[in-house]
Amino acid sequence: MNFLAHLHLASLANSSLPGNLMADYVRGDPLPHWPADIAAGIALHRRLDALTDALPEVLSAKRLFRDVTRRVAPITLDVVWDHFLSRHWDRIEPSQPLPQFLAQARAQIEPMLPQSPEGFQRLNGYLWRERWMERYAEADYLQQVLRGMAARRPRLAALADSWIDFHEHYAALETLFWQFYPRLMRRAAEQQL
């Protein structure tokens, strides 16, 4: 799961959106350093990552990647799942347009940015202004995202080529998304994540 899915599932679970979004920027036990609701959001993000990575559908999706890109498949898939969520948002959440959801999320996250990790502050400088989560709906935008990630982390250079796997197996990945994401939504709404 990437930014949009974490925010969406956190909202369904009535969990802290700032905590869920900043989790990758916090190391160790968050409870001594963050308010309880933020720490609980960080913990939910971590549980969701572990749960998602172990899903049979996600394991099947990883096998669609070539040998040269399989090592980075989990990172690529995080972005891919956000693509399908953004692309099908109106079907998934017909009562709330994506821009409205994102505006509400941003309003909850921005007030706590001054106390948040520097990297998270930098991320937020781009995330909202450049409308990343809305643009994830564009399949070609993912190529730009993956290339940018590869450029920032040379050891993950294979990310730039992983778009080929996404493009080649688009229909299969979309089918897998519909097999597991509604199940995660139900579990979030039932506080079972």
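**Spaces, core and selected residues**

Colleague: Which residues line the largest cavity?

Modeller: This is a predicted model, in which local features need pLDDT of at least 70, side-chain atom pairs count only at pLDDT 80 or more, and totals for chains, interfaces and linings use all residues. Residues are numbered from 1 along each chain as its sequence is written, and side-chain values use heavy atoms, with hydrogens and water left out. A cavity is a set of points, on a 1 Å grid over the protein atoms alone, where a 1.4 Å probe fits but cannot get out, and a lining residue has an atom within 4 Å of a point. The largest cavity is lined by T52, D53, V58, K62, P74, L77, D78 and W81.

Colleague: Which element gives the most residues to the lining of the largest cavity?

Modeller: Helices are DSSP runs of H or I with at least four residues, numbered from the N terminus. Two or more lining residues come from each of α3, α4 (56–62) and α6. With 4 residues, the greatest contribution is that of α6.

Colleague: What is the volume of the largest cavity?

Modeller: Grid points are joined across faces, edges and corners, and a volume is the space filled by probe spheres set on the points. Searching the whole structure gives 1 cavity of 30 Å³ or more. The volume of the largest cavity is about 40 Å³.

Colleague: Which residues of the lining lie closest to the centre of the largest pocket?

Modeller: Unlike a cavity, a pocket is an open set of points, with protein on both sides within 12 Å along at least five of seven lines. The largest pocket holds about 1,100 Å³ of space. Among its 28 lining residues, those closest to the centre are N2, F3, Y25, M149 and R153.

Colleague: Which element supplies the largest share of the lining of the largest pocket?

Modeller: At least two lining residues come from each of α1 (3–12), α3 (36–54), α6 (73–87), α9 (118–127) and α11 (139–152). The largest share is 6 residues, and it comes from α11.

Colleague: How many residues in the lining of the largest pocket are charged?

Modeller: Ala, Val, Leu, Ile, Met, Phe, Trp, Tyr, Cys and Pro count as nonpolar, Asp, Glu, Lys and Arg as charged, and the others, Gly among them, as polar. The lining of the largest pocket has 14 nonpolar and 6 polar residues, and its charged residues number 8.

Colleague: Which residues have the most contacts inside the largest nonpolar core?

Modeller: A nonpolar core is a set of buried Ala, Val, Leu, Ile, Met, Phe, Trp, Tyr and Cys residues joined through side-chain atoms within 4.5 Å. The largest one has 67 residues, and those with the most contacts inside it are W81 and Y181.

Colleague: How many of the 10 residues of α1 are buried?

Modeller: Buried means under 20% relative accessible area, exposed over 50%, and partly exposed in between, with a 1.4 Å probe and protein chains only. The buried residues of α1 are F3, L4, A5, H6, L7, H8, L9 and A10. Helix α1 is largely enclosed by the rest of the structure because its buried residues number 8.

Colleague: What distance separates the backbone nitrogen of G19 from a polar atom of the side chain of S16?

Modeller: S16 lies in the loop between α1 and α2 (17–22), and it counts as buried because its relative accessibility is 11%. Its contacts, leaving aside neighbours within four places in sequence, are A10, D37, I38 and G41. A polar contact is a pair of N or O atoms within 3.5 Å; within protein, one must be able to donate a hydrogen and the other to accept it, and residues adjacent in sequence count only if both atoms are side-chain atoms. From the S16 side-chain atom to the backbone nitrogen of G19 the distance is 2.9 Å.

Colleague: Is H83 buried or exposed?

Modeller: H83 is in helix α6 and touches, among others, Y136, F166 and Y170. Its relative accessibility is 1%, so H83 counts as buried.

Colleague: Is E118 buried or exposed?

Modeller: E118 belongs to helix α9. Its relative accessibility is 60%, so E118 counts as exposed.

Methods:
Contact means heavy atoms within 4.5 Å.
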